[in-house]
Amino acid sequence: MGLLSDPNRRRALISLLTRLNTPICLVCYMAGVAWFMGLAFEPFTLRTYMSENAMGSTMVEERFPAGERALATGREFAAHKKKVGGMPVDWLVKTMQARGLEVFTQSFSRTLPFPDENKERYMVKGTNVYGILRAPRAPRTEALVLSAPCSPGDNNQAVGLLLGLAQYFRNQIYWAKDIIFLVNEHDLIGMQAWLEGYHHTNTTGMDWSPLQGRGGSIQAALSLELSSDVITSLDLVLEGLNGQLPNLDLANLFYAFCQKIGVLCTIQGKLQRNDWDSVSGYSHAVQTMMLMVMKQASGRPWGDHGLFLRYHIEAATIKGINSFRQYKTDATTIGRLLEGMYRKLNNLLERLHQSYFFYLMPSLSHFVSIGYYMPAFGLLTVILLLRALDLWVQLTHIFTGRYLSIYSACIGNSPLLIKYVSSQQSSPGVLSVLTPLVISHLTGVALYTLPIRFQEMAVEHFPVSETEAVVLTAIAVYTAGLALPHNTHRFLSGEGTEQGWRVLKLVAVLYLAVLLGCTALINFSLGFILALTLVPVAAFVTPHIPKVLSAFILVILSPACTLLFSVFFFQELQEMPVSFQDGWLLYLSVISQGILDHFLYGSLVYPLIALLVYPCWLLFWNILFWK
Amino acid sequence: MAAYRYGYSAVLFILCGLSVFLVTNGQETILTGDDGAAAVDSPQTVTETAEQTAEQPAVEERQWEVTEVEEASPDEAAADKQDASAPETLVPPSVPRPKDDFQEELVIRPLHSGDIYASFQFRTLWETDFMRGNKVSHYRLFPKSLGQVISKFSVRELHISFTQGYWRTMQWGQPFLPAPPGAELWVWFQDSVTDVDGTWKELTNVLSGIFCASLNFIDSTNTVQPSASFKPLGISNVTDHRFLRYATLPREIVCTENLTPWKKLLPCGTKAGLAVLLKSEKLFHSSFHSQAVHIRPVCEDWQCKTTSWELRQTLSVVFDLHTSGQGKREWSLFKMFSRTLTDACPLASSSKVYIDITDNPEGEQFELIPATPLLSQAVVLGDRRTFSVYDLTQQITFGAVRSLNLLIRWKSTEGDMLRPLLHGERYVAGYGLQTGEIHTLMYNNHPYRSFPVLLLDSVPWYLRLYIHTLTVTSKAKDNKPSYIHYQPSKDRVRPHLLEMLVQLPPNSVTEVTVQFERALLKWTEYTPDPNHGFYVGSSVLSSLVPSIVAMDTNSTQERPLFSSFFPCKEESSYFVRVYTEPLLVNLPTPDFSMPYNVICLTCTVVAVGYGSLYNLLTRSFQIEEPSLGLAKRIANIIRKMRGVPPL
């Protein structure tokens, strides 16, 4: 503080910061990226460990014997599913009742805002079936959930295993929490209906019938996806709605049991490697972590568990993967693994809260906590603050410079004149800031509302389907926004001043800093990816740089192009590279999925981009075309 | 308005005066010969009940009436039924009676789910007066510890129950003795007590010691005074609820340490009689376990010339078919309790085992071994039930092997339970840690009759109820409660109390919703496990439910036509108390761990640094110029006067 309250030293510090502004910004940017890449390097990460005492020290013996019978049940389920041509509700109810559960059903219906072409659905009607295993001598205050989606093609083995576990669990005396076995139809939509029914909320305007049976507050949930009789490995999916993650202890629990029982386990479909010191080992860890970052940034639930997280229920999806590896695991072993996990969860005295909620995982056994990854983001946002400081200093210099020159000119004249002149200088600044702000935000609102509103009109006038209409309208509105600078100037009186763009940029830079900071607190990955592209834009853009080249760069770094690159990059990371043609189609479907996620499950990424990030980017675009 | 309210309070009286205890005790059993023709009736009294109110003891007596039937032809039985009823407390007058009396019995009801429900009742009656100045010092059957509690704290009635598990009404039907999960205590004090709260505090602490339970956690924040839901069950002319205290501890865990002191109150201990079955390793290997002690004054005879104290110890347990191992639908005393019966308690005047065989008149549902010729019929919870009776005081009951091991073997798994007419549910809606909504659902499953239900809700202060959001809807229409008693909470002093009288339309679900806000506790007020959540006790539904017997106008049992036109008054409705689930609610909880400390530390640092930062932002700094000399200052003044810029 002493350093700053001394005007001389303050001036020196400020002049240093303004003089070295560009090099410092460059260094910060590179340091931020390097820090982020370093996160995947194993010596810099922490080993996972079980924080929850109730799950750590207790011994559990797994005895589930009936894997084969579970698979037979799964086949029976498949046959009934085929016969009914959907969810075999009656059969499920009867089977669950025979296993001694209290069985209830819930029907739901939902009309999508526009047809979902990936899953080919528009008017969705379905039924969820769930059975509650009542814990003996427990007062129905706590519950655990095991769910398996009933999807048209596969996942029969998961339902079979679920029923097998239900039968086995029912005969045990040690349960302290009710266990809810849920088979949900239409995957996420069914899950959303069930969760909304369970908590009696309605956030997305879905129709569902109220639930008849409940088990109190749900403590944890697992969703099971299996589509073959034997599997080679189990994959753990953590990323949920809006990039929320379950408590790390849930991942630790899964990992601990995989180790104990001897099942290969993966995260992001990547096995763990031991050669961290080799280049390939490091790049493997980076790939795993980058996949997690990309998935988290997308803000969509990557499994049925993703919707639980909103209700503060720790949840994960376990996927069985059958590849061409030698080592196979049968259903009994998976059953034992789940039995162990549920017994440990059953031992919980409190909700899972001891371990981290904010983390990245470069492998299942290592994690990066919020304290380690936040500096990478911080280094990027510092650039914005430095630029803001620089602009502020420039503005005061201009002002005081002008003031001094006027002052020296007016010496001897009345002070009224001085006041008049200075107010003349500052007044267009406010107007020139406000107009582009309002106009770009209106464009954002248009981007948010028009695609859904105009789909019918678009379908009438153009030879496109509804989904294409929505996506293309969105792209059209987005592109139309690029014409704004020329339009805003009509509202302004005269040419933009030198001071005007500086004020606007100052506001825009601070706006971006706040926006990214808030985003990164909620969803680090999204914040970081946006910062990676938007911060350079914010840093370098002025009206004085070559127009064509910088306009090109600006477009390349705009949110829409970021999304396009992310699509290709994601495919690359998954080792499924696509051609440009396929990539473009994928890009269109990703946009439609993003919009659907918002309307179906309440994902916030689409409104965030449309209402805040895109207008913010437009401000920089405006600055480029200031004159 | 006053008259209006008065009318309802009369309804409430009738509603609440009827006891939960109106259960199976009232049977007379008759041994019949092989010919099965002789129907023997002892002289009976038909009690007049139509205009009695709850304040008169006979109201409860009337439900104790029994009908008796033997293996005689049905029409004969039906004819007998008309005058065959008597108050249960009557003992044949010829026998010289001791001043105290002990009875024990066990009721076993096979449930449709394959589970089995066993309910023990031990009753000690003592004709004495604890309240008359002179100290009662000689105790025979009545436990001294409880007698002293009654006299010291001037207790009029005391009801305490410890329950582990939740009674599943939809699978198991109505219990004989309902109880909420955890511990429940309600006490009526004598109207001579001046400091009721102080006495209550002391009493809970003493009971805590007697029953080895955490009843000492009962304080003003979880004690309420219900205005209508809990009326005295014994003889009493005081219904002023200032003398009533009601509290529940939904979190109380019940285990052997509560069972042992409970068993010690029995005259025979666990040495003889039915109590030998009470082995904790089996009782707690079950789906539901509930034990209770009820003390109340009752009439000695039907004229109520003298009163005596009744101590009723009850224990209910439900054994689960699936967790019991083999999965065979077969139950025996040995399988349930790992003991068999060999004798009755020598101190007991009556010792009986009842098996509910209502659903099994021809033995097609299950097989009962050994068979007994003794049958008894009683109206229990509005339903006419038939029981097989085993009298343990008869040596013949034990047979040649000198032990009784009842065996129930199921033959078919079919048969549906009649849906219970009243049923309640409760849950918390919403997400997030700021607000929420409590939903209470009340089901009336009666096909055509509506009936009123009294709802009692006691919610801790840290859930701040928004009472203006209270809605009661049935069949999508607003259902205005005819009586509402609401006592707002005071932070850290007393809970919310909400009592409502709601009419439930036939065949409907009535939903009561109220929103709440979660309070922030002080950091010392959090429990050691704050992330587990905080409990809200069960809400209590009390109601007079139209009985199933009255529902059955087209009786399959052959009865004379003249007997069945008007529904029989004394059976037309019965009292039921239903408890909903307790709730587990999460409150906003700070992270009581290392990051929490870090946050505290950071806040301190920021607070300290704030002043200088504020200073820095608001002040403008200038370099102080060295002060001018006197000559220069004078020169400046002169220059100013001349209009020349200063030096």
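## A residue and its surroundings

In this predicted model, A:Phe36 is in contact (heavy atoms within 4.5 Å) with A:Met289, A:Met290, A:Val293, A:Leu360, A:Ala376, A:Phe524 and A:Phe528, leaving aside its neighbours within four places in sequence.

Residues are numbered from 1 along each chain as its sequence is written, chains are lettered from A and ligands numbered from 1 in the order in which they are written. Local features need pLDDT of at least 70, side-chain atom pairs count only at pLDDT 80 or more, totals for chains, interfaces and linings use all residues, and side-chain values use heavy atoms, with hydrogens and water left out.

## The largest core

A:Phe36 is also among the residues with the most contacts inside the largest nonpolar core, which has 191 residues. Such a core is a set of buried Ala, Val, Leu, Ile, Met, Phe, Trp, Tyr and Cys residues joined through side-chain atoms within 4.5 Å, where buried means under 20% relative accessible area (1.4 Å probe, protein chains only). Domain 1 (53-270 + 299-364) and domain 2 (427-627) of chain A both contribute residues, so this core lies between them; the domain bounds come from an automatic or database domain assignment.

## Between the two domains

The centres of domain 1 and domain 2 of chain A, taken over C-alpha atoms, are 38 Å apart. The contact involves 25 residues from domain 1 of chain A and 27 residues from domain 2 of chain A.

Two salt bridges (a side-chain nitrogen of Lys or Arg within 4 Å of a carboxyl oxygen of Asp or Glu) are found across this interface. A salt bridge joins the side chains of A:Lys270 and A:Glu575, at 3.2 Å from N to O.

Technical notes: Buried means under 20% relative accessible area, exposed over 50%, partly exposed in between (1.4 Å probe, protein chains only).
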